[in-house]
Amino acid sequence: MAAETGTYQFRTTSDEGVRVWINGRRVINNWKAHPSAQDTATIDLVAGQRYDIRIQYFDRTGPAALS
């Protein structure tokens with residue numbers, strides 16, 4: 001739930017593919033094998049409203065990392 005109405009930034013750090021959806025809208029799409037990288041997205045949220053957040057991730061080789 002958004003604490004305040006405004007623009008929010010979502011950031012991932014992953015060492016392989018990552019996708020993020022907010023309420024069904026894909027906001028991050030780095031779906032390829034890659035070394036550790038950061039991806040960011042901004043989205044406007046409304047205070048008191050609940051949002052569905054979905055994250056998809058894959059790791060091809062080595063230790064997995066996603067934050």
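The model is a predicted one. Its secondary structure comprises 0 helices and 5 strands, so that the order of elements from the N terminus reads β-β-β-β-β.

**Overall build**

- Taken along the principal axes, the C-alpha atoms fill a box of roughly 40 × 15 × 15 Å.
- The protein has 67 residues, of which 31% count as buried.
- Among contacts between residues at least 6 apart in sequence, 65% join residues at least 24 apart.

**Surface and charge**

**Aspartate 44**

- Aspartate 44 belongs to strand β4, which spans residues 37-45.
- This residue counts as exposed because its relative accessibility is 56%, over the 50% cut-off.
- Leaving aside residues up to four places away in sequence, aspartate 44 touches Gly6 and Thr7.
- With threonine 7, the contact is polar and runs from side chain to side chain at 2.5 Å.
- Arginine 54 lies 10 residues from aspartate 44 along the chain, and their C-alpha atoms are separated by 17 Å.

**Glutamate 16**

- Glutamate 16 sits in the loop between β1 (6-14) and β2 (18-22).
- Glutamate 16 is buried yet has no salt bridge.
- The nearest side chain of opposite charge is that of arginine 60, 5.5 Å away, whereas a salt bridge requires a distance within 4 Å.
- Beyond residues up to four places away in sequence, glutamate 16 touches several residues, including Asn30, Lys32, His34, Tyr57, Phe58 and Arg60.

Conventions: Residues numbered from 1 in each chain as written. Predicted model: local features only at pLDDT ≥ 70, side-chain atom pairs only at ≥ 80, totals over all residues. Heavy atoms only, no water. Helix = DSSP H or I, 4+ residues; strand = E, 2+ residues; numbered from the N terminus. Buried < 20%, exposed > 50% of the residue type's maximum accessible area, 1.4 Å probe, protein only. Contact = heavy atoms within 4.5 Å. Polar contact = N/O pair within 3.5 Å; in protein donor to acceptor, adjacent residues only side chain to side chain. Lys, Arg positive; Asp, Glu negative; His and termini not counted.
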